[in-house]
Amino acid sequence: MAGLLAALTCSITSVAGNRTTYEYNILDFGAQNDTTFLSSPAINDAITTCSANGGGRVVIPAGQYLAGTILMKDHVELHFAPGSVLYASTDTAHIRRQPQPEYRSEKERGGWYALIYAEKAHDIAITGYGTINGQGALHKSRPECLWGDQDGRPRNILFISCCDVNISGITMINAGIWNQHYLDCENVHIDNVKVINHSNSNNDGINIDGCRRFILTNSNIDSDDDGIVFKSTGTAPCRNVIVSNCIISTHCNGIKFGTESTGGFYNVNISDCIVKPSRIFTRIFPTTLMTGITGISLETVDGGIMDGISVNNIIIEGTECPLYIRLGNRARKHREDAPEPPVGQMRNIQISNILAYGTGNFCSSITGIPEGRIENVYIDNIRFFNKGGLKEGEYLPDLKNVVEDEQGYPQPTIWGNLPSAALFVRHVKNLHVHNAVFAPANKDPRIPIMADDVDYLYLDDIHADFPNKTDVLIHQVKRHHIDKKLKTRVSR
């Protein structure tokens, strides 16, 4: 009855042509500005009424509200007024396990948990100037769930197989796990959001997972774990994605593809971003580093194809490794009944206009495996300035000491300090590096560039300011064009 009365008294917010937009205030449905009162039943009532009446805007006015799971429905905009804060309840009975979705993926084991959830919804939005606070530090693993990132901790936002999604203006903090997860969605635009996610393990900033026609712009993301993450945890690929004008602060990987790669990644353009260490001077996840691990990570290790990736105009400050491109063969199935994934493929990758300074000594690398080469990588106009200062014994002595580790977790921490200082290349076909500067702030005795098992290596206009008598060491490089200014040695 409360919902019916509220629907009769809802306000008209605007008239555009023949379309009237109606506004539903959650207070009219019984919500209370009181964090001891559970307002999610009233919010869900408002959303259901709004959708049933053809759509409109459900408004969360200024105030503080406690909620369990909120279910988004077709044609509904959930609007946060300035000064509004939505807190996730820490009572596990309030964050309900959702029915198993039709789309299956590696992270799902019979149903998901989230504060704001939708499956197969169309034309939905979360807008405004308020805050979603997941109270993530108070969310623990559920005994009925699996361990790790499948242990039942709730996401702040989880949309599955949704279409025409708009997220803008809001602040999202302190999720139980990943902050926002878009899985198998289409036509998504996220703009001008702020994320601070430092309350629990696996606190990623945003996960774009098997989505098509996805745009992320003008956002500020600060996370304990990975910042902007592309995944393909099911059969759907990430395809036709644009990311631009974002600032990513992290203790882990700033811009990352993987590790899950089942459906692959196609036609992704990332530009005009800054990656830097998190401003939060504590870290939660034990495998992260205060300085950050990588600026840019492109990974395919569970099958799938990566094809058509462009990363341009990026500033990287202070991470341990500027660029990490890895084709492995972990071959993890996305479902137990799925076929064994074949070795993945990576090709047609363009990296340009990258400035990385104050970075650690984890050398940038491009590495495939013997049965899977990375193909067609083009790198142009990069400036990498590492800290240097290493002494003998603080790095791997030779390229033969760099283990293949094709089934291991893909991250440069596996190797530590490589025998090369600027770029390590192995199992690659057709690599072009043009107009690059590599220089340490302090003396670095390592060889700047090493290439092993490469079919066509092109190095031109390269400036490597290192004291080693060799600039480039090549081993089993079939064809090459190397700048004559570079001192090149062939390893037998």
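Figure 1. Tyr357 counts as partly exposed because its relative accessibility is 38% (buried means under 20% relative accessible area, exposed over 50%, partly exposed in between, with a 1.4 Å probe and protein chains only). The place of Tyr357 is in strand 29, residues 345-359 (strands are DSSP runs of E with at least two residues, numbered from the N terminus). Together with Ile247, Ile274, Ile315, Leu355 and Phe385, Tyr357 makes a nonpolar surface patch of about 430 Å². Patches are made of residues with over 30% relative accessible area and no salt bridge, nonpolar side chains (Val, Leu, Ile, Met, Phe, Trp, Tyr) being joined within 5 Å; a salt bridge is a side-chain nitrogen of Lys or Arg within 4 Å of a carboxyl oxygen of Asp or Glu. Accessible areas come from the Shrake-Rupley method with a 1.4 Å probe, and for residues only the protein chains shown count as cover. The model is predicted: local features need pLDDT of at least 70 and side-chain atom pairs count only at pLDDT 80 or more, whereas totals for chains, interfaces and linings use all residues. Residues are numbered from 1 along each chain as its sequence is written, and side-chain values use heavy atoms, with hydrogens and water left out.

**Figure 2. The largest pocket.** The largest pocket has a volume of about 570 Å³ (on a 1 Å grid over the protein atoms alone, a pocket is an open set of points with protein on both sides within 12 Å along at least five of seven lines, a cavity is a set of points where a 1.4 Å probe fits but cannot get out, and lining residues have an atom within 4 Å of a point). Grid points are joined across faces, edges and corners, and a volume is the space filled by probe spheres set on the points. Of the 25 lining residues, Lys107, Asp149, Asn202, Arg332 and Tyr409 lie nearest the centre of the pocket. Strand 24 (residues 253-261) gives the largest share of this lining, four residues. The lining comprises twelve charged, seven polar and six nonpolar residues (Ala, Val, Leu, Ile, Met, Phe, Trp, Tyr, Cys and Pro count as nonpolar, Asp, Glu, Lys and Arg as charged, and the others, Gly among them, as polar).

**Figure 3. The largest cavity.** Three cavities of 30 Å³ or more are found in a search of the whole structure. The largest cavity has a volume of about 140 Å³. Of the 15 residues that line the largest cavity, Lys107, Gly111, Tyr113, Gln150 and Gly152 are the closest to its centre.

Figure 4. Of its 15 lining residues, Thr359, Phe384, Asn386, Ala421 and Ala422 are the closest to the centre. Strand 31 (374-386) and strand 32 (420-440) each supply at least two lining residues, and the largest share, four residues, comes from strand 32. Ten residues of the lining are nonpolar and five polar, with no charged residues.

Figure 5. Most residues other than glycine have a negative phi, and most peptide bonds are trans. Gly258 and Thr259 are joined by a cis peptide bond with omega of about 10°; Thr259 is in strand 24. Gln135, although not a glycine, has a positive phi of about 50°. Gln135 is found in the loop between strand 11 (131-133) and strand 12 (155-160). Asp453, in strand 33 (residues 447-464), has a positive phi near 55°. Asp453 is buried, with a relative accessible area of 14%.

Terms used: Patches are made of residues with over 30% relative accessible area and no salt bridge: like charges are joined within 9 Å, nonpolar side chains (Val, Leu, Ile, Met, Phe, Trp, Tyr) within 5 Å.
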